[in-house]
Amino acid sequence: MVSGRAANRKGTHIMRIIRAKDYADMSRKAANIISAQVILFPKSVLGLATGSTPVGVYRVLTDWYEKGDIDFSKVRTVNLDEYCGISPDHEQSYRYFMNQNFFNHVNIDKANTYVPDGLAADYEQECIRYENLITGLGGTDLQLLGLGHDGHIGFNEPGKSFIPLTHKAVLSRRTIEANARFFGDASKVPQYAVTMGIRTIMKAPRIVMVVSGEDKAGILWQTVNGPITPDVPASVIQLHTDAVVVADEAALKLFPSAD
Ligand code: GLP
């Protein structure tokens, strides 16, 4: 059973669920965890995520940076994924998203921020390069994740097996439709992306997943309590020894309320 207690002290695979009142509270709580990581280890390698859910986390971190509470000058970051076929200055590219929502507002050295190259001439090579880059950094210390409506993490879409390493992914119809709101219409959403693989993600010693809204309640329940299956790629985090889900009340609608 899931509880708010630190259940994995002995290495048992029980995810911690942190209950937040609402989106703002979820954002602050997740930002607190990331901020503690950076304060304790200023040279941390943060695995970062895009999507609408983590925007509030980046806002809070920016706020605390402005107040002088966090220093990002030595932090390195690697992002989970990037769309294929769009340039870094395209408004919907994840590089652009990261710059706009976070990097432009804090004292991070952009040369130390990594996002897959959406315009790579050879995506197979790009996937190898990105995987090696992460390994070269010593792996991520903390990986921030959102949760797709179909259970994807990064762009690891539901499928027949978990794909371990960075790869070129085919976006599911559901994901294309979910992301159509950003591109104007579904036909403009890229059909492919370069994404970290499941093993790349799982190698992070700590995973922090942020989830908000009633529309994620069903998939969050499956992620935490359902079978571990590539049909719900996020379910794999049940096997992680330090996975924390920070979710708001709406997303936790199907979970019994606090103990
Ligand atoms: C995108 C990203 C994911 C993200 C997900 C959910 O497609 N590739 O990393 O977690 O969708 O996005 P949102 O937070 O907007 O629901």
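This note covers the aromatic rings of the structure.

1. The model is predicted, so local features need pLDDT of at least 70, side-chain atom pairs count only at pLDDT 80 or more, and totals for chains, interfaces and linings use all residues. Residues are numbered from 1 along each chain as its sequence is written, and side-chain values use heavy atoms, with hydrogens and water left out.

2. There are eight aromatic pairs in the structure. Rings of Phe, Tyr and Trp (its six-membered ring) pair if their centres lie within 6.5 Å; planes under 30 degrees apart are stacked, over 60 edge-to-face, the rest tilted.

3. One of the pairs is Phe72 with Phe102. The centres are 5.3 Å apart, the planes stand at 85°, and the pair is edge-to-face. Phe72 sits in the loop between α2 (55-66) and β3 (76-79), and Phe102 in the loop between α3 (94-101) and β5 (113-114), so the pair ties together parts 30 residues apart in sequence. Helices (H or I, at least four residues) and strands (E, at least two) are DSSP runs, numbered from the N terminus.

4. Are Phe72 and Phe102 buried or exposed? Both are buried (under 20% relative accessible area; exposed is over 50%, partly exposed in between; 1.4 Å probe, protein chains only).

5. Tyr83 and Tyr94 form a tilted pair, with 4.8 Å between centres and 40° between planes. Tyr83 is in strand β4 (residues 81-83) and Tyr94 in helix α3, eleven residues apart. Tyr83 is buried at 1% relative accessibility. Tyr94 is buried at 9%.

6. Tyr58, Phe72, Phe102 and Phe103 make up one aromatic cluster.
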